[in-house]
Amino acid sequence: MRIDVVSIFPTYFDGLTLSLLGRAQSTGILDLSVHDLREWTSDRHRTVDDTPYGGGAGMVMKPEPWGLALDELAAPAETVSETPRPTIIFPSPAGEVFTQATARDLATREHLIFGCGRYEGIDERVFEYAADLGEVRLISLGDYVLNGGEVAVMAMVEAIGRLIPGVVGNPESLVEESHEDGLLEYPSYTKPSIWREREVPPILLSGNHGAIATWRHEQQLERTRQRRPDLLG
């Protein structure tokens, strides 16, 4: 998979070179590039924002640099006759909510472009123009506002990237996770069996895999009832 990220703070994404995603890049499973939006400015101040039409507080990101960035990054490869259109994602508190199902869907795409907004957001015409170049998705991490899109993109790339075949060493570890079956994950334990007078549930030491599976499912249901009853409908 190819992922391009556009931001005015490209060093924000240095953490994506670590751990599993870093290894996926070094082995060629993931092609991740981070770009500075200011590379597509033309004035000596490398300006990316201006005052909003209609008045109001804050600044709005200008369309010109975004248009040039998208023209370059969304352009089909010269060596490929039919390159799939990219999926262009802008983090936005006004977008659809990001879920595990969203991550699974996006993990099947060949090319993702993430645009990190700042200030009061990006000129609306950028989204309209981007729709001519690919599928546009405005996506929110939840009902709150961040200073910019970088944190949201970090979270989405992590969630999407680990679902790409070959990124996680043991693919079975992706199956029994929170939200994969609509429930929260069951609690996990390891050695020692007694720690500070707290014991591991005896069922996990029984060797009865059928009973353990039943217990874990019951724990999923109970944990979901307590913490996320909305998931149970």
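This is a predicted model: local features need pLDDT of at least 70, side-chain atom pairs count only at pLDDT 80 or more; totals for chains, interfaces and linings use all residues.

Biologist: Is Arg137 buried or exposed?
Modeller: Arg137 is buried, because its relative accessible area is 11% and the cut-off is under 20%. Asp105 is partly exposed, at 29%.

Biologist: What else does Arg137 form a salt bridge with?
Modeller: Glu135, at 3.5 Å from N to O. Glu135 is partly exposed, with 34% relative accessibility.

Biologist: Which residues are linked in the network?
Modeller: Salt bridges link Glu96, Asp105, Arg109, Glu135 and Arg137.

Biologist: How many salt bridges does the count come to?
Modeller: The count is 12 salt bridges. Another one of them pairs Arg228 with Asp230, where the closest N and O atoms are 2.9 Å apart.

Biologist: And how exposed are those two, Arg228 and Asp230?
Modeller: Arg228 counts as partly exposed at 33% relative accessibility. Asp230 counts as exposed at 51%.

Biologist: Which residues of H6 are buried?
Modeller: Ile212, Trp215, Gln220 and Thr224 are buried in H6. Their arc around the axis is only 165°, which puts them on the same side of H6.

Biologist: Why do residues three or four places apart point the same way in an α-helix?
Modeller: Because an α-helix has 3.6 residues a turn.

Biologist: What happens at the start of H6?
Modeller: A side-chain oxygen of Asn208 comes to within 3.3 Å of the backbone nitrogen of Gly210.

Biologist: Now H1. Which residues are buried there?
Modeller: In helix H1 (residues 19-26), the buried residues are Leu21, Gly22 and Ala24. They span an arc of only 160° around the axis, which puts them on the same side of H1. On the other side of H1, Ser19 and Ser26 are exposed.

Biologist: What covers the buried residues of H1?
Modeller: The cover includes helix H5 (150-161).

Biologist: And what comes just after H1?
Modeller: Gly28, which takes a positive phi of about 85°.

Biologist: Last topic, the core. How many residues are in the largest nonpolar one?
Modeller: It has 27 residues, and Ile3, Phe114 and Ile160 have the most contacts inside it. The elements giving two or more residues are strand S1 (2-7), H1, H3, strand S6 (111-115) and H5.

Biologist: Where does the largest share come from?
Modeller: H5, with six residues of this core.

Biologist: What does Ile3 touch?
Modeller: Leaving out residues up to four places away in sequence, Ile3 touches Leu30, Asp31, Leu32, Ser33, Leu112, Phe114 and Val157.

Biologist: What about the second core?
Modeller: The second core is separate and has 18 residues, including Ile8, Val48, Leu73 and Phe127.

Note on methods:
Residues are numbered from 1 along each chain as its sequence is written. Side-chain values use heavy atoms; hydrogens and water are left out. Buried means under 20% relative accessible area, exposed over 50%, partly exposed in between (1.4 Å probe, protein chains only). Helices (H or I, at least four residues) and strands (E, at least two) are DSSP runs, numbered from the N terminus. The arc is that of the directions from the helix axis to the C-beta atoms. Contact means heavy atoms within 4.5 Å. A polar contact is a pair of N or O atoms within 3.5 Å; within protein, one must be able to donate a hydrogen and the other to accept it, and residues adjacent in sequence count only if both atoms are side-chain atoms. A salt bridge is a side-chain nitrogen of Lys or Arg within 4 Å of a carboxyl oxygen of Asp or Glu. A nonpolar core is a set of buried Ala, Val, Leu, Ile, Met, Phe, Trp, Tyr and Cys residues joined through side-chain atoms within 4.5 Å.
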